[in-house]
Amino acid sequence: MDPMNLHAFVDGELSAEETRAVKAALRHDPALQSEADSIRSLKEFTRTHAMTLDGSESWKAVVVRFNEIDRARRTEAFVGRYAWALAGGLFLVVLAGGIFNRGLDGNRLPSEEIAHMTASLAPIRTPVSSDQRAMNAYLDGLLGRASEVLSPESLTVVGAAKGEIHGRRVTRLTLRDQEGDLAMLIMDGNVRFEGLGSAESASPRNGFRSGLVDGMACVSWTRNGNTFLLMGNRTAEDLESLVPRICPN
Amino acid sequence: MLFRRRDGRDAFEREAERVYPSMLGVAYRLARSRDEAEDLVQEALVRGYEAYSKFDGNNFKGWILRILFNQYINRYRQKTRGPQISSLSEDGVVEPMGDEQSIPDRALLNDMVGAEVENALLAIPEDFRIAVVLSDIEQMPYNEIAEITGVPVGTVRSRIARGRAALRKRLEQYAQQEGFI
């Protein structure tokens, strides 16, 4: 008999017909019966004497892993369920921030922009200031409505430049009097300059805002839908005293 | 959804805890190291937990042992782990267990302790060893052993027979060394 059949017989793995054949053989072959007994003994011995490992501690570590998997799944489920909402919310925040900032940019300009504004403007030809008619016409053409508030007679314009900053038309005039040169910026719209810093004699009055730009005193005001910024190597009070002469209206 | 997921976790944990000792025993007899066995079992259970939704509900032990065995094949079998298959082919001759005069009797076997059984098991070729472990210790039928190990039933039958013969020989050698026979 094939010894494998005997093992399978002991294990109960033979078909009914094969089992009958083995049993018949065992009845007539004591050696075969002894072999079957030996297989049975060894099988039982192995089963009853094999070590049983204590896994109580290692099982706890397994449970911890299950808990970690559950935690990760909960997080994934949350993110997956609300991913679109989270992304959409984030988008709205970015959009709102951009609109807000743009809104701010529309009416506020950091003082650091002033140097950029003055440097980036393109110089333009200025008439000889003694020709007052020419000067009037020049300022009308250059400044538009802003010229209505200015007193050209008070101005000695020695230089001019113009350009666009953040979509706003900007004109720079270089003015000169007996004390030296001044720079005046004229911008479309109502603009508030931020971060001017505090000047020694700064005082918010008469609608002026005073401050310092790069250590230089400046005064800012709005008239007629335009914003003016006068800068010079003088005190803010001196500049404020010039404003009525330059901008009497 | 939350309760359903918790039910799945509870059910899996119950089943896993029930078969955990068996898994540990099988893993130990595969990896031949307690630490590696625990690692192997943990990884198999993690994989099983992650794939539990695919379990058809029949025979959890067989299913998880299949995962364990595959885990062992993928991770550990690359390293040399002692005898894999004996020099004889799978279809080689199965030696008889022994004649009446040389077989130690039942009482003699009972004198041996479990450590000797384990040592003898670990000394036989791996494929035979795992077949004997699953059959004689875990009491699994041939078709389940075939499913777990990924071989035909006929190969399982051969490995069990040859494994028992090899185990028997090891135990006899020990008995002779110790003067039992």
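A:Met117 sits in helix 5 of chain A; helices (H or I, at least four residues) and strands (E, at least two) are DSSP runs, numbered from the N terminus. A:Met117 has a relative accessible area of 0%, so it counts as buried, a word for under 20% relative accessible area, with exposed meaning over 50% and partly exposed in between (1.4 Å probe, protein chains only).

This is a predicted model, in which local features need pLDDT of at least 70 and side-chain atom pairs count only at pLDDT 80 or more, while totals for chains, interfaces and linings use all residues. Residues are numbered from 1 along each chain as its sequence is written, chains are lettered from A in the order in which they are written, and side-chain values use heavy atoms, leaving out hydrogens and water.

How confident is the predictor? The pLDDT, its confidence in each residue, runs from 0 to 100, and the mean for chain A is 81. Within chain A, confidence is lowest in helix 5 (residues 112-120), with a mean of 74, and highest in helix 2 (residues 16-28), at 94.

Now look at where the two chains meet. Here 37 residues of chain A are in contact with 47 residues of chain B. A:Leu42, A:Leu53 and A:Trp59 supply 16% of the area that chain A buries against chain B, more than any other three residues; buried area is the accessible area (1.4 Å probe) that two parts lose on being put together, summed over both.

Side chains of opposite charge can pair when their charged atoms come close. Such a salt bridge is a side-chain nitrogen of Lys or Arg within 4 Å of a carboxyl oxygen of Asp or Glu, and there are three between chain A and chain B. In one of them, A:Asp11 pairs with B:Arg164, their closest N and O atoms 2.7 Å apart. These two also belong to a salt-bridge network with A:Lys43 and B:Asp136. B:Glu43 and A:Arg65 form a salt bridge too, at 3.0 Å from N to O.

Salt bridges also occur within a chain. A:Asp188 joins A:Arg169, with 3.5 Å between the closest N and O atoms. This pair links strand 5 (residues 180-188) to strand 4 (residues 168-177) of chain A.

Note on methods:
pLDDT = per-residue confidence, 0-100. Contact = heavy atoms within 4.5 Å.
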